[in-house]
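Subject: Structure handover

Hello,

Here is the structure I promised to pass on. My notes follow below it.

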Amino acid sequence: MEAFLTALSGFSDPYLLGVVVLGTLGGVLVGAMPGLSSTMATALLLPFTLTMEPVAAIALLSALYCAGTFGGSITAILVNAPGAPPAAATAFDGYPLAQKGFAGKALGLAAVSSVIGGIFSVIVLIVAAPLLSRVAYNFGPPEYFALAVFGLSMLATISGESALKNLIGGAIGVLIATVGMDFTTGVERFTFGNWALSEGIHFIPVMIGLFAGAEFIKQSGKLDQKRFRVPLDAVMLPTYQDIKTCLSTIARSCGIGSFIGLLPAEGGTVAAMMGYNEAKRFAKDKSQFGKGDLRGIAGPEAANNAATGAAMVPTLALGIPGSATTAIILGALLVHGLRPGPHLFTEQPTLLYSIFLAMLIANFAFAAFGFIGAKVFARITLIPIEYLWPAVFILACVGSYALEQAMLDIWVMIIAGVLGFIMQRFGFSAAPIIMGLILGKLVEGTLKQSLIIFDHSWFGFLERPIVLIFLSLTLLSMSLPLISEMRARRRSAPES
């Protein structure tokens, strides 16, 4: 209770409260801009938080994360251009409603559903994270190794169309994580005689390059794209009848989003799609879905926002990212000298409560911004590409350089951007690479520590029940998506 009161008193400081509000505003703006996502913005902003206090830095990134998830629904509804991947499902029914002249009602319902889902996720975070951290006290290097391997296996379903491509992307991330000096043997790997690589490749310039750099190259090919003005009346609060119609859908999606968020490597995109599918499956009349059904907005918006707080649970309690954005927040914790895991709950309880309160404030703040400024936010889609993306590239360069003041990091960012663009063209996603990069170091470190504990005997892993559980889940999570994909290919293949 003392830590909670200390965190609460901290938000009486106009500076900390202003940081959260600005983070929320920035998240809505970024989320509303097609091509810019909260993941990209968090990666760009992370280096600029190095001079901030840890509480303010993590609160800023957490608020941006929550608000960016909602912001994507604005342009998804108004111009059928989701500002963020989780908002793609919202566009299925949101845009048809806007075409019918009910854009205000659609945005209002999206805001209300997002707030309910977001608050529910914060409650899940407050309750589940301490419980999970207590379980984690029984974890040693073998258990963390098995958990990290399980997290890598979940990459099969994190994003993209192919489970195999996601696993390949994760393997590339793990390979990048091996660059540098081996901390147990002192042997340099993949440095090619360059002493600057002896400490390894930092994940921040890689993240910036994969998200911002790749998108910069992609957007440079759209200079001839025309922009259209967005007609919009005032945003309206949904009526009692609207809420009554969507209440069961919102409640169901809150549970779905929280469950998906708790799984390592899952995120809002998967939750939103499942929320939409379940809303349609439970509806008695399915004929209106895709034509402007309010439940088609409430379902994905409640689900993807419910996944935000839940995704922070494994991030804070276990040090295993729950999504691509929480992977960056995990990186921020590490950069600021904080150790995610059970010790965080005993050593930094004030920080944790500050994160909880920042996410709670952000959920109410983005609702206010959504109602007041949705019409203004929609206008940012009119910013010419030739001005917007060069500015993003400059920020990417500055952010990459700011970490170590090394030109090598800028080159790493540029190379990662080119790599990310090429991989996108071939159907690969950037998120698995980032997850593999972060989890790869954990896998390698805990594996070597475990082998030292077991006197280099692999049979020691078989004597740990928790390890066996996670390894079994790993085999299951890797096999099911691949089996489903093979079956889908067989069904789509023409009969010979």
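Phenylalanine 393 is partly exposed, because its relative accessible area is 27%, and partly exposed means between 20% (buried is under that) and 50% (exposed is over that), with a 1.4 Å probe and protein chains only.

Please note that this is a predicted model, where local features need pLDDT of at least 70 and side-chain atom pairs count only at pLDDT 80 or more, while totals for chains, interfaces and linings use all residues. Residues are numbered from 1 along each chain as its sequence is written, and side-chain values use heavy atoms, leaving out hydrogens and water.

Aromatic pairs: the whole structure holds eight of them, counted for rings of Phe, Tyr and Trp (its six-membered ring) with centres within 6.5 Å. Phenylalanine 216 and phenylalanine 393 are stacked, because their ring centres are 4.8 Å apart and their planes are at 25°; stacked means planes under 30 degrees apart, edge-to-face over 60, and tilted the rest. This pair joins helix H9 (residues 203-219) to helix H16, across 177 residues; helices are DSSP runs (H or I, at least four residues), numbered from the N terminus. Phenylalanine 216 is also partly exposed, at 24% relative accessible area. Elsewhere, ring pairs connect Phe145, Phe454, Trp458 and Phe461 into a cluster.

Serine 121 lies in helix H6 (residues 103-136). Serine 121 counts as buried because its relative accessibility is 0%. Leaving aside residues up to four places away in sequence, serine 121 touches Asn305, Ala306, Thr308, Gly309 and Ala310, where contact means heavy atoms within 4.5 Å.

Regards

Terms used. Helix = DSSP H or I, 4+ residues; strand = E, 2+ residues; numbered from the N terminus.
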